[in-house]
Amino acid sequence: MKKLITVVAGIGFLVGAASADVASDQKDLIGYFKALKPNVEFADYTNGVYAYDAGSRDQFEEILDGIPPYEEAVEKGGKEFVKFGLNKCAALKDPAASRVKHPYFDEATQKVVTLEAVLKACYLKQTGKKLGSNKGKIARISAWISDQAAGEKVNVKVEGAAANAAYNQGKAYFYGKRGEFNMSCADCHVYNAGKKARADILSPALGHTTHVPMYRAKWAGLGTLQRRYGGCLKNMRAKPISSQSELMNNLEYFHQAMSNGLEITDARYRK
């Protein structure tokens, strides 16, 4: 416990900045993980926990060398993208560019816009029906869009006072304690990254957003990043927040920005 308190104090400056400085925040986070795992290169954080554990990495690569369990679903998502006319919406005409652009802060609405929010709006416009937020069709289509951007780099921009405020709210939520267990996102994915929680190794926050939507063996299917947030809040026994709500989107805005410069990957398998 004493060691953990020391670690937390050492990066405490990440939490309380009055104005957003994405480059500085990310530099601090990268430096923290570099000190923690000096032999892991920055680019390898696209592989998440598989950058840390050789045994898990071998299993991961075996799955990718075969037929990944999400491959059929992603292919279906590509067909659905055309079937439902999503290619007709201006924001989605260039799928790769759409993945790289989102999330972004929209000055007109003064809110963060996620890729899934755009998919939901476009789907409603084209079909007159609502699209779910976390799994199934939206995860398949979003994964296919992300595949088109594989190899491109995450590049979230935070510019202007309102964007800074949204980013800072997301950062505060990421590091803030909550729930019956009085935990934060950072407790697992920064301070204890690489350690075991029961049989699982806790993944580092750096690179988390490069492989979303992700396929989790636990889910036996694809899910969005915000589906994962919801699962974490449940594990903390914390008050849930709705997917695509302002707070959830601001959390994603901050979290995605911490992976700036890392390549988007289509290797989306996770335990």
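At what angle do helix H10 and helix H11 pack, and how far apart are their axes? The close-ups below come from a predicted model, and the first view takes up this question.

**View 1. Packing of helix H10 against helix H11.** Helix H10 covers residues 225–236, and helix H11 covers residues 246–257. Their packing angle is about 105 degrees. The axes lie 11 Å apart. Angles of 65 to 115 degrees count as roughly perpendicular, so H10 and H11 are roughly perpendicular to each other. On the H10 side, Leu225, Gln226 and Tyr229 make the contact. H11 contributes Met248, Asn249, Leu251, Glu252, His255 and Gln256. By type, the residues of this contact split into four nonpolar, four polar and one charged.

**View 2. The disulfide between Cys89 and Cys122.** The count of disulfides comes to one. The bond joins Cys89 to Cys122, with an S to S distance of 2.0 Å. The torsion about the S-S bond is about 95 degrees, so the disulfide is right-handed. Cys89 sits in the loop between helix H4 (71–83) and helix H5 (95–101). Cys122 belongs to helix H6, residues 115–127. The pair therefore ties together parts that are 33 residues apart in sequence. Both Cys89 and Cys122 are buried.

View 3. Which cysteine sulfur is closest to that of Cys185? The sulfur in Cys232 is, at 6.5 Å. Seen from Cys232, the closest cysteine sulfur is in Cys185, again at 6.5 Å. A disulfide needs sulfur atoms within 2.5 Å, so this pair is too far for a bond. Cys185 has a relative accessible area of 12% and is therefore buried. Cys232 counts as buried because its relative accessibility is 18%, and the cut-off for buried is under 20%.

View 4. Ser184 is placed in the loop between helix H8 (161–175) and helix H9 (185–191). Is Ser184 buried or exposed? Its relative accessible area is 1%, so Ser184 is buried. The Ser184 side chain reaches the backbone nitrogen of Ala186 at 3.3 Å. Leaving aside residues up to four places away in sequence, Ser184 touches Phe174, Tyr175, Gly176, Lys177, Arg178 and Met236. Among them, Phe174 and Tyr175 fall within the 161–175 range of helix H8. Met236 falls within the 225–236 range of helix H10.

Definitions and conventions. Residues numbered from 1 in each chain as written. Predicted model: local features only at pLDDT ≥ 70, side-chain atom pairs only at ≥ 80, totals over all residues. Heavy atoms only, no water. Axes fitted to C-alpha atoms, helices over the stretch in contact; angles between N-to-C directions. Helix = DSSP H or I, 4+ residues; strand = E, 2+ residues; numbered from the N terminus. Parallel < 35°, antiparallel > 145°, perpendicular 65-115°, else oblique. Contact = heavy atoms within 4.5 Å. Nonpolar A, V, L, I, M, F, W, Y, C, P; charged D, E, K, R; others polar. Buried < 20%, exposed > 50% of the residue type's maximum accessible area, 1.4 Å probe, protein only. Polar contact = N/O pair within 3.5 Å; in protein donor to acceptor, adjacent residues only side chain to side chain.
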